[in-house]
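This briefing goes through a few features of one protein chain. Keep the sequence and the 3D view open while reading.

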Amino acid sequence: MEPKRSGWRMDELSVVLWLTIVGIGFHLPSVAGFSPGHGYEATGCPRNSPILNQCIEKSIQYYLSYMYSGSITDRTSVPSLDPLALPDTTLIQNEHVLSTFTNRETTGFRNMYITDVRSDITRLEFYFQFHISAIDTKGSYHARLTKRPEIAEWSQMTYSIRNSSFELQLKGVNYEQDNRVYLKVNVTDWGQHIGDHTVGFRWFTMSGNYSQFSDQFEQIRGRDILPVVERDLMQSLRDRFQHLFNEILRLAPFERFFPTLY
């Protein structure tokens, strides 16, 4: 099945959020393109609809554009998309040096938009492609000598990505809870096309007899660090996106997200 781009844009988002966070009976907050209070009952994205992919695309875009804070209503929330907290990671570890990237947060997802959707509801398989203009991951950088840990450096580090796209494939399974059927998805494939990426450091603090080893510290945060940071970031994003999708899918039974209309 070849991808089919829908061409939907934000000014066309004049309907209730059909897929992501509806169907439970609460009132959505007031946002551009949607005026609450009309008594709409969310009908989801009908699984036998000829425009199912477009419906899914509009729903996901709505979430990306308006729900990046994580708040749906005063009583309902999902993990924030922007900023997106990421776990601490080890960048380089060998017999000479250990470097880490901790307290990481990624911002810029509010400017991300979905460009392609393919789905097979019968097999519960989905393909999504996103374009993102710029994301920045900021955190604390620390490097020390393995055998002499008192010799170390600290900095604020930023990893920036520009003009990139992400592709992910998901495989879903149904499960029963409280006598209702829900959907859970796993990311089975992830790919990215990075337009440009850089690593920057804001300032440095050194300890111990640092000057004798400054060249070694400079080397480990040189060009070799880029593929390491990218690989770890992509894995973290894959895990977080899977978690976010499943948090949203827990908000309503499968039939509310993908009803069958006769």
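Strand β3 and strand β5 (residues 125-145) run antiparallel and are joined by nine bridges. Strands here are DSSP runs of E with at least two residues, helices are runs of H or I with at least four, and both are numbered from the N terminus. Two strands count as paired if DSSP finds at least two bridges between them. The model is predicted: local features need pLDDT of at least 70, side-chain atom pairs count only at pLDDT 80 or more, and totals for chains, interfaces and linings use all residues. Residues are numbered from 1 along each chain as its sequence is written, and side-chain values use heavy atoms, with hydrogens and water left out.

**Strand pairing around β3**

- Strand β1 (residues 84-86) pairs with strand β3 (residues 97-107) in the antiparallel sense, over three bridges.
- Leu86 has Arg104 in β3 as its bridge partner.
- Strand β2 (residues 89-93) also pairs with β3 in the antiparallel sense, over four bridges.
- Gln93 has Leu98 in β3 as its bridge partner.
- Three residues make up the hairpin that joins β2 to β3.

**The disulfide**

- A search of the whole structure finds one disulfide (a pair of cysteine sulfur atoms within 2.5 Å).
- A disulfide is a covalent bond between the sulfur atoms of two cysteines.
- The disulfide is formed by Cys45 and Cys55, with their sulfur atoms 2.1 Å apart.
- The pair links distant parts of the chain, 10 residues apart: Cys45 is in the segment before α1 (52-66), and Cys55 is in helix α1.
- The torsion about the S-S bond of Cys45 and Cys55 is about -85 degrees, so the disulfide is left-handed.
- Cys45 and Cys55 are both buried; buried means under 20% relative accessible area, exposed over 50%, and partly exposed in between, with a 1.4 Å probe and protein chains only.

- Gln192 is in strand β7 (residues 180-193).
- Gln192 counts as partly exposed because its relative accessibility is 27%.
- Apart from neighbours within four places in sequence, Gln192 is in contact (heavy atoms within 4.5 Å) with Ser165, Phe166, Glu230 and Met234.
- Ser165 is 27 residues from Gln192 in sequence, yet the two are 5.6 Å apart in space, C-alpha to C-alpha.
- The side chains of Gln192 and Trp190 are joined by a polar contact of 2.9 Å.
- A polar contact is a pair of N or O atoms within 3.5 Å; within protein, one must be able to donate a hydrogen and the other to accept it, and residues adjacent in sequence count only if both atoms are side-chain atoms.
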